[in-house]
Amino acid sequence: MNYYELLEINKNATEDEIKKAYKKLAFKYHPDRGGEEKKFKEITEAYETLSNSDKRKNYDLFGSLNTDNMTNPFDIFNQMFQFSDNDIDEMVNSTFQGSPKIFIKIHKPPMNSFGDINNNPNISNIFGNMTNLFEDIVGNSMNNINDNQNHNNQNNNNQNHNNQNNNNQNHNNQNNNNQNTNKEVYDSIEIKVNIDDIINGNKKKIKFSINDICTSCNGTSAYDPNDLVLCLYCSGNNKGCRACSGKGNMFKTDRRCNKCRNGVIKKENSVNIQIPKGIPDEHVMIIKNKGSFNFNTKTYNNVKLIFKYDLEKNIQIFGTSIFVYINIKLENLLTGNINEKIKLGKQTLELTFDKYIDPTEVVTYEGYGIPMYKKDNQKGDLIVKFDVIYPKTSNVNINKYQKIFKKIFDISE
């Protein structure tokens with residue numbers, strides 16, 4: 001599976017070109033629009049790899065990567081398609097090639113501009129769900145668009161009917177928003193792992209801070225419960241209400257809880273984990289319900305631990321192989337005086353040579369590499385490469401023994 005061919009781009013494509021290609025294809029193949037789910041997952045896998053500079057570099061060198069830890073493709077799609085006005089305009093016009101451009105302008109009322117509440121009971125949902133708006137626009141064929149243009153006058157005469165449709169749409173948007181509040185939310189924490197952690201799978205205690213609900217005011221920010229009144233705009237029933245920020249209450253005084261800020265307090269938390277042997281770089285581990293308090297779901301977020309390699313400058317890891325780069329002086333190389341120690345976690349290897357070696361060749365220690373993830377009885381190799389340190393031109397000894405070197409290497413003057 002060639003990621004570049006899947007996204008219909010060349011190997012020199014820029015980050016913007018990759019993103020644009022994915023947007024076009026993801027929209028085309030999304031299962032909710034009748035697309036092929038397998039194809040959608042493949043192009044999402046390709047996008048996740050090529051949009052990450054490190055993963056793209058490894059893919060160009062080694063080909064297809066391990067996809068066990070790939071992000072859910074629908075999460076990537078949902079994260080990317082948080083449409084702005086420009087995004088919608090671009091994607092609509094790229095969908096209908098050869099057709100006139102369609103321009104969309106969304107007017108957002110200012111905060112607390114309640115208008116006539118009696119005539120517009122669902123005005124708080126005027127912002128709606130941008131995805132549904134996009135679906136409504138591009139889901140029609142060009143013939144439907146032309147029909148809409150031909151019947152503009154009729155639509156204007158039936159304004160009351162349109163208002164009723166808008167109310168129904170707002171009701172649908174509210175249902176979609178309620179579904180979104182049930183989606184799991186994560187607090188992300190980056191964990192650095194060294195070579196010893198990767199080889200031996202050590203235990204760690206991870207400490208981190210979370211935002212917890214204030215126990216003094218129960219997250220309301222009120223100094224006293226009597227300082228709150230039911231929201232006059234949504235009557236406490238609308239999580240998307242902009243007047244009360246979805247909390248359902250409004251303040252009738254200027255007093256606020258002196259134990260927190262906006263109903264939230266900082267709290268220290270910790271978890272004990274066992275790092276798996278051979279853990280891959282950027283591996284993700286989920287800890288349930290140990291994150292910050294979520295006011296939308298009324299539960300605690302999950303914690304997403306992201307493990308990142310923290311290696312010495314002379315050590316690299318590719319798959320299960322460890323590459324170690326050793327500096328040796330030219331004089332030690334020529335005289336066979338090489339004695340180096342390689343420290344890999346709790347293990348130390350001695351590298352000794354008493355004669356000249358070819359510095360362009362590598363030294364391989366079989367079975368001294370990284371354990372295979374979830375199969376730690378299988379290990380990769382340790383591969384040692386040499387970098388020769390040459391003396392400076394002003395070195396006195398080099399100039400002094402220049403004639404001797406010429407005789408040794410049979411170089412005529």
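I began with Phe 353, which is partly exposed at 21% relative accessibility; buried means under 20% relative accessible area, exposed over 50%, and partly exposed in between (1.4 Å probe, protein chains only). I note that the model is predicted: local features need pLDDT of at least 70, side-chain atom pairs count only at pLDDT 80 or more, and totals for chains, interfaces and linings use all residues. Residues are numbered from 1 along each chain as its sequence is written, and side-chain values use heavy atoms, with hydrogens and water left out.

I then applied the pairing rule: rings of Phe, Tyr and Trp (its six-membered ring) pair if their centres lie within 6.5 Å, and planes under 30 degrees apart count as stacked, over 60 as edge-to-face and the rest as tilted. In one of them, Phe 318 and Phe 323 are edge-to-face, because their ring centres are 5.6 Å apart and their planes stand at 85 degrees. Phe 318 is partly exposed, at 30% relative accessible area, and Phe 323 is buried, at 16%.

Phe 353 and Phe 386 have ring centres 6.4 Å apart and planes at 75 degrees, so I recorded this pair as edge-to-face too. Phe 353 belongs to strand S13 (residues 347-353) and Phe 386 to strand S17 (residues 382-389), so the pair ties together parts that are 33 residues apart in sequence. Strands (E, at least two residues) are DSSP runs, numbered from the N terminus. Phe 386 is buried, with a relative accessible area of 8%. I also found one aromatic cluster formed by Tyr 3, Tyr 4 and Tyr 59.

I required NZ of Lys or CZ of Arg within 6 Å of the ring centre and within 35 degrees of the ring normal. Arg 256 has its charged end over the ring of Phe 251, 3.6 Å from the centre. Lys 39 lies over the face of Tyr 29, 5.7 Å from the ring centre.

I counted two strands as paired if DSSP finds at least two bridges between them. Strand S12 (residues 338-344) pairs with S13 in the antiparallel sense over seven bridges, and Lys 341 stands opposite Glu 350 in S13. Two residues separate S12 and S13 in this hairpin, and Gly 345 in the turn has a positive phi of about 70 degrees.

I next looked up an open sheet of three strands, with the order S1-S9-S6 and mixed pairing. Its edge strands, S1 (186-193) and S6 (283-287), each pair on one side only. S1 and strand S9 (residues 302-309) are parallel over eight bridges, with Ile 189 opposite Leu 305 in S9.

I took a core as a set of buried Ala, Val, Leu, Ile, Met, Phe, Trp, Tyr and Cys residues joined through side-chain atoms within 4.5 Å. The largest has 36 residues, and those with the most contacts inside it include Leu 305 and Val 324. Apart from it lies another core of 18 residues, Tyr 3 and Leu 25 among them.

Conventions: Helices (H or I, at least four residues) and strands (E, at least two) are DSSP runs, numbered from the N terminus.
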